[in-house]
Amino acid sequence: MAESFSSGIDLPSPILSARLRELASFLAAPSAGRLTEEQRALALGIARRLVADVAAELDPAIDGAVLWQDWFAAGVPAAERITTVCFGRAEEHRWREQSAQRVGTPPPLAEGNDEAPAASPISDVDRAYLALRIADRRRFDAYGSPRVALADIPAGLLRTLLLDIAGWRLAQVAKDKKLAADLGEAVRDATDRLATASGIDAAARLYHDRLAEQGDLAAAATSAIARHDWAAFVALASAAGRSRFDEMALALLSSAAAALPILLAPLKLDRASLAPLEASLAMLPARAVDGGGAGD
């Protein structure tokens, strides 16, 4: 009787559904470390900047702060897909910041330094590396905080965000028909415009290909590890493995040391050259990896 009585009752609210998912996640891995305040703040900041950037691309008149407040209060659409992108970017930023503090890795290029010095010609490899540095710099805002560059957003997620923001904007003005048509056109324009934008993945492929042409790929990857130039290393690993830059970064950050040689097999590195990478990853607190930083 109890079973038949309860089977037709729907969950009364998305809040309850979310809390049940959180509890189920906890029960599935009760000993796993939860998000630290730093991780939460970084990921939320990246998500807020992402939503505001996409909104501005759709319509500069949209108040990104108001949009984020409304979504954050009611639930962010496409939350799971946004979470993966923003959490991955946040974890990559934590890793690189920690590494920079320990070994003095050079910071990203400052705004206004996007051009190479005209006095001395540079090689194709150096030019590709400079393009990579510039693409990486665009993954920070004007204050040096991490962001997801519009050119680096997966196409499906970008379109979803544009449509969700257009729906939010339309709801604000009582579903005006003319505005609906204008927003639909704006979504198409923004999608087409950003589809041709060159981001970190294109720069990574170019840098990888230039090195491969000269037979210097493994040596460059080994050098990047030794210098803790993680942007260059992730770029080479992602291009060699035919994956996105953000996917490779998150894979590295969530892999145990024993899995790294398999993950990085396309680079054909010897095991000894991976030691600084393994050490750097192991020192990052609260990594999302079994047995790694759960209690930090």
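This is a predicted model: local features need pLDDT of at least 70, side-chain atom pairs count only at pLDDT 80 or more; totals for chains, interfaces and linings use all residues.
Reader: Let's start with the fold. How many helices and strands are there in the chain?

Author: You'll find 14 helices and 0 strands. Of the 296 residues, 38% count as buried. Look at sequence separation too: among contacts with a separation of 6 or more, 74% are between residues 24 or more positions apart.

Reader: Where should I look for the nonpolar side chains, and which residues have the most contacts inside the largest nonpolar core?

Author: In soluble globular proteins, nonpolar side chains tend to be buried together. Here the largest nonpolar core has 36 residues, and those with the most contacts inside it are Trp95, Tyr207, Phe233, Leu252, Leu264, Leu267 and Leu277. At least two residues each come from α6 (124-137), α9 (200-214), α10 (217-226), α11 (230-240), α12 (245-253) and α14 (275-282). The largest share, 8 residues, is supplied by α11.

Reader: Pick one residue for me. What is Leu267 in contact with, leaving aside its neighbours within four places in sequence?

Author: With those neighbours set aside, Leu267 touches Leu217, Ala218, Ala221, Phe233, Leu236, Ala237 and Ala240. Apart from this core lies another, of 34 residues, including Val51, Ala90, Trp168 and Val187.

Reader: Now helix packing. At what angle do the axes of α3 and α5 cross?

Author: For a pair like this, take the angle between the axes and then ask which class it falls in. Helix α3 (residues 37-58) and helix α5 (residues 79-103) have axes that come within 8 Å and cross at roughly 125°. That makes α3 oblique to α5. The crossing of α3 past α5 is right-handed.

Reader: Which residues in α3 and α5 meet?

Author: From α3 you have Glu38, Gln39, Leu42, Ala43, Ile46, Ala47 and Leu50; from α5, Ile82, Cys86, Phe87, Arg89, Ala90, Glu91, His93 and Arg94. Sort that contact by class and you get 9 nonpolar, 2 polar and 4 charged residues.

Reader: And the next pair: at what angle do α7 and α8 pack?

Author: The angle between α7 and helix α8 (residues 177-195) is about 160°, with the axes 10 Å apart. Angles over 145 degrees count as roughly antiparallel, so α7 and α8 are roughly antiparallel to each other. α7 passes α8 in a right-handed crossing. On the α7 side the contact uses Leu158, Arg159, Leu162, Leu163, Ala166, Arg169 and Leu170, while α8 brings Leu179, Ala180, Leu183, Val187, Ala190, Thr191 and Leu194. By class, the contact has 11 nonpolar, 1 polar and 2 charged residues.

Reader: Let's turn to the arginines. Is Arg147 buried or exposed?

Author: Check the relative accessible area against the cut-off: under 20% means buried. Arg147 has a relative accessible area of 16%, so Arg147 is buried. You'll find Arg147 in the loop between α6 and α7 (155-172). Leaving aside neighbours within four places in sequence, Arg147 is in contact with Ile46, Arg49, Asp53, Arg89, Arg138, Arg139, Phe140 and Asp141.

Reader: Where is Arg287 found, and is Arg287 buried or exposed?

Author: Arg287 is in the segment after α14. With a relative accessible area of 11%, Arg287 is buried.

Definitions and conventions: Residues are numbered from 1 along each chain as its sequence is written. Side-chain values use heavy atoms; hydrogens and water are left out. A nonpolar core is a set of buried Ala, Val, Leu, Ile, Met, Phe, Trp, Tyr and Cys residues joined through side-chain atoms within 4.5 Å. Buried means under 20% relative accessible area, exposed over 50%, partly exposed in between (1.4 Å probe, protein chains only). Helices (H or I, at least four residues) and strands (E, at least two) are DSSP runs, numbered from the N terminus. Contact means heavy atoms within 4.5 Å. Axes are lines fitted to C-alpha atoms, for helices over the stretch in contact, and angles run from 0 to 180 degrees between N-to-C directions. Angles under 35 degrees count as roughly parallel, over 145 as roughly antiparallel, 65 to 115 as roughly perpendicular and the rest as oblique. A crossing is left-handed if the near helix is turned anticlockwise from the far one by less than a right angle, and right-handed if clockwise. Ala, Val, Leu, Ile, Met, Phe, Trp, Tyr, Cys and Pro count as nonpolar, Asp, Glu, Lys and Arg as charged, and the others, Gly among them, as polar.
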